[in-house]
Amino acid sequence: MPTDSSEYRSRKQFYDQMLTIYGRKPVLEALSDSTLPAYKLHLADSNRDDGIISEIKRVADSRGITVAYHSRQALSRISRNGKQDQGVALDLQLPSYRDYQTLLTSEKSNQRLIALDRITNPQNLGMIIRSVAASGITGLILPKNGCASLSPLVAKASAGTLFKAPIYYCDELGACLEALANAEFSLATLSSHAKQSLLDHQPAQRTVYVLGNETDGVSSGIAKRCAVQLAIPMHNGVESLNVAITAALIAFYQRP
């Protein structure tokens with residue numbers, strides 16, 4: 001560990017912002033998109049140097065991307081999916097992925113965020129990220145514990161917006177929300193049992209909307225931290241919406 005704390009924080013942030021994707025076709029597609037910030041290409045030294053592997057190496061070379069060679073066992077540790085990586089992995093940087101504590105020191109007065117509580121479906125997470133990126137709200141708060149992790153499946157579901165969406169990470173959502181509440185953020189949760197409609201809600205300048213698990217909703221411990229409970233008006237006996245649809249409604253429906 002570096003002795004200088006600022007150097008350690010800088011290196012930690014660098015690695016926190018890294019996403020490793022795998023598979024020959026996904027890696028070639030990512031490399032071919034010059035807007036995606038690729039950092040390092042990993043190849044198994046047992047790969048035959050022909051076909052798509054040759055094309056992957058050519059594109060990486062044209063972009064000046066470092067190529068590292070590994071044994072199949074070592075590569076499987078990098079990709080974390082030895083059965084499906086096809087001997088190829090690529091490190092991508094997420095420039096908009098940062099520590100939630102930067103929100104505490106931000107001087108921006110008008111901030112609207114969505115926070116996720118135990119959202120475990122990668123498809124839903126990717127769709128939520130896409131809505132956040134497209135809507136222009138302040139960002140998404142994504143806990144490292146209890147939620148789906150950023151992965152190739154999430155990147156695919158986000159249709160590439162994972163690399164554009166402002167995402168703030170925390171270790172545990174409860175502590176994060178407590179810190180935000182102390183920094184005068186209003187915490188609102190979505191619940192089908194709430195009496196106040198989202199459509200009538202006049203948000204505070206700094207507001208965090210907390211969305212819960214696809215099956216159980218917001219956990220009781222998190223719900224207790226939220227002073228505001230909101231419901232989306234439903235008709236024709238429909239009880240609830242998919243969490244990704246709910247996130248899209250919140251992201252795009254913002255009263256001035």
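## Burial and overall build

A residue is called buried when its relative accessible area is under 20%, exposed when over 50%, and partly exposed in between, using a 1.4 Å probe and protein chains only. By that rule, 46% of the 256 residues of the protein chain are buried. The structure is a predicted model, in which local features need pLDDT of at least 70 and side-chain atom pairs count only at pLDDT 80 or more, while totals for chains, interfaces and linings use all residues. Residues are numbered from 1 along each chain as its sequence is written, and side-chain values use heavy atoms, with hydrogens and water left out.

The protein chain has 10 helices and 12 strands; these are DSSP runs numbered from the N terminus, with helices (H or I) of at least four residues and strands (E) of at least two. Its C-alpha atoms fill a box of roughly 65 × 50 × 30 Å along the principal axes. The accessible surface is about 13,500 Å², and 47% of this belongs to carbon and sulfur atoms; the areas come from the Shrake-Rupley method with a 1.4 Å probe, and for residues only the protein chains shown count as cover. Among contacts (heavy atoms within 4.5 Å) between residues at least 6 apart in sequence, 82% join residues at least 24 apart.

## The largest pocket

The largest pocket holds about 710 Å³ of space. A pocket is an open set of points on a 1 Å grid over the protein atoms alone, where a 1.4 Å probe fits, with protein on both sides within 12 Å along at least five of seven lines; lining residues have an atom within 4 Å of a point. Grid points are joined across faces, edges and corners, and the volume is the space filled by probe spheres set on the points.

The pocket is lined by 26 residues, and the closest to its centre are Met-18, Leu-19, Thr-20, Arg-80 and Leu-150. Elements giving two or more residues to this lining include helix H1 (5-16), strand E2 (38-44) and helix H7 (152-157). Strand E1 gives the most, with 4 residues. By class, the lining has 15 nonpolar, 6 polar and 5 charged residues. Here Ala, Val, Leu, Ile, Met, Phe, Trp, Tyr, Cys and Pro count as nonpolar, Asp, Glu, Lys and Arg as charged, and the others, Gly among them, as polar.

## Salt bridges

Side chains of opposite charge can pair when their charged atoms come close. The structure holds 6 salt bridges, each defined as a side-chain nitrogen of Lys or Arg within 4 Å of a carboxyl oxygen of Asp or Glu.

One of them joins Arg-48 to Asp-50, with the closest N and O atoms 3.6 Å apart; Arg-48 is exposed at 64% and Asp-50 partly exposed at 37%. Another joins Asp-49 to Lys-57 at 3.2 Å, where Asp-49 is exposed at 51% and Lys-57 is partly exposed at 24%. Asp-85 and Arg-72 also meet in a salt bridge, at 3.3 Å from N to O. This pair links distant parts of the chain, 13 residues apart: Asp-85 is in the loop between H4 and strand E4 (88-93), and Arg-72 is in helix H4. Asp-85 is buried at 0% relative accessibility, whereas Arg-72 is partly exposed at 33%.

## Asn-124

Asn-124 is found in helix H6 (residues 122-135) and is buried, with a relative accessible area of 7%. Not counting residues up to four places away in sequence, Asn-124 touches Ile-119, Glu-214, Asn-242, Val-243 and Ala-244.
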